[in-house]
Amino acid sequence: ILVLCPGATETNFFEAAQMGTDKKNVIGANNAQSPEEVVKIALKGIKNGKIRVICGLQNRVLATAGNFIPHSIIVKALAKRFRINF
């Protein structure tokens, strides 16, 4: 079993989720990896016996930061960024 945390990937996710350009920029979609790159990284992780693979430097930094920042602060920050203003 491999836990794969790909982060932003070049798919139609952002369009299907009807996320505007400003929301796309917030989560690093401008630096999105291709699906092929994600698969290559996942297969390398499996080959090396990894149980968790986090694709991309930005995603690894954010995942690590989550160990040091209280979840309540992370949730508030994310809610503010992704809240839809009507």
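**How the labels are reached**

Modeller: Let me begin with one helix and its cover: β1 (3-5) and β2 (52-54) are among what covers the buried residues of α3. Please keep in mind that this is a predicted model.

Biologist: Which residues of α3 are the buried ones, and what puts them on the same side of α3?

Modeller: In α3, the buried residues are Val-38, Ala-42 and Gly-45. They cover an arc of only 60 degrees around the axis, and therefore they sit on the same side of α3. The general rule is that an α-helix has 3.6 residues a turn, so residues three or four places apart point the same way. On the other side of α3, the exposed residues are Glu-36, Lys-40, Leu-43, Lys-44 and Lys-47.

Biologist: How do you know what span to expect of α3?

Modeller: The expected span is 1.5 Å times one less than the number of residues. For α3, with 13 residues, this gives 18 Å, and the reach from its first C-alpha to its last is 18 Å, close to what is expected. After α3 comes Gly-49, whose phi is positive, near 75 degrees.

Biologist: Why is Ser-34 called buried?

Modeller: Buried means under 20% relative accessible area, and Ser-34 has 13%, so the label buried applies. Ser-34 is placed in the loop between α2 (21-26) and α3, and, not counting residues up to four places away in sequence, Ser-34 touches Thr-9 and Glu-10.

Biologist: Why does Val-39 count as partly exposed?

Modeller: Exposed means over 50% and buried means under 20%, with partly exposed in between; Val-39, at 46% relative accessibility, therefore counts as partly exposed. Val-39 lies in helix α3, and its C-alpha is 9.2 Å from that of Pro-6, although Val-39 and Pro-6 are 33 residues apart in sequence.

Biologist: And what makes Gln-58 partly exposed?

Modeller: The reasoning follows the cut-offs of 20% and 50%: Gln-58 has 39% relative accessibility, so Gln-58 counts as partly exposed.

Biologist: What makes the nonpolar surface patch?

Modeller: Val-39, Leu-43 and Ile-46 make the patch, which is about 290 Å². Patches are made of residues with over 30% relative accessible area and no salt bridge, and nonpolar side chains are joined within 5 Å. Val-39, at 46%, therefore passes the area cut-off, and Ile-46 lies in helix α3 (residues 35-47).

Biologist: Taking the protein chain as a whole, which pattern does it follow along the sequence, and how much of it is buried?

Modeller: The protein chain has five helices and two strands, in the pattern β-α-α-α-β-α-α. Of its 86 residues, 19% are buried. The accessible surface comes to about 6900 Å², of which 60% belongs to carbon and sulfur atoms. Among contacts with a separation of 6 or more, 65% are accounted for by residues 24 or more positions apart.

Note on methods. Residues are numbered from 1 along each chain as its sequence is written. This is a predicted model: local features need pLDDT of at least 70, side-chain atom pairs count only at pLDDT 80 or more; totals for chains, interfaces and linings use all residues. Side-chain values use heavy atoms; hydrogens and water are left out. Patches are made of residues with over 30% relative accessible area and no salt bridge: like charges are joined within 9 Å, nonpolar side chains (Val, Leu, Ile, Met, Phe, Trp, Tyr) within 5 Å. Accessible areas come from the Shrake-Rupley method with a 1.4 Å probe; for residues, only the protein chains shown count as cover. A salt bridge is a side-chain nitrogen of Lys or Arg within 4 Å of a carboxyl oxygen of Asp or Glu. Helices (H or I, at least four residues) and strands (E, at least two) are DSSP runs, numbered from the N terminus. Buried means under 20% relative accessible area, exposed over 50%, partly exposed in between (1.4 Å probe, protein chains only). Contact means heavy atoms within 4.5 Å. The arc is that of the directions from the helix axis to the C-beta atoms.
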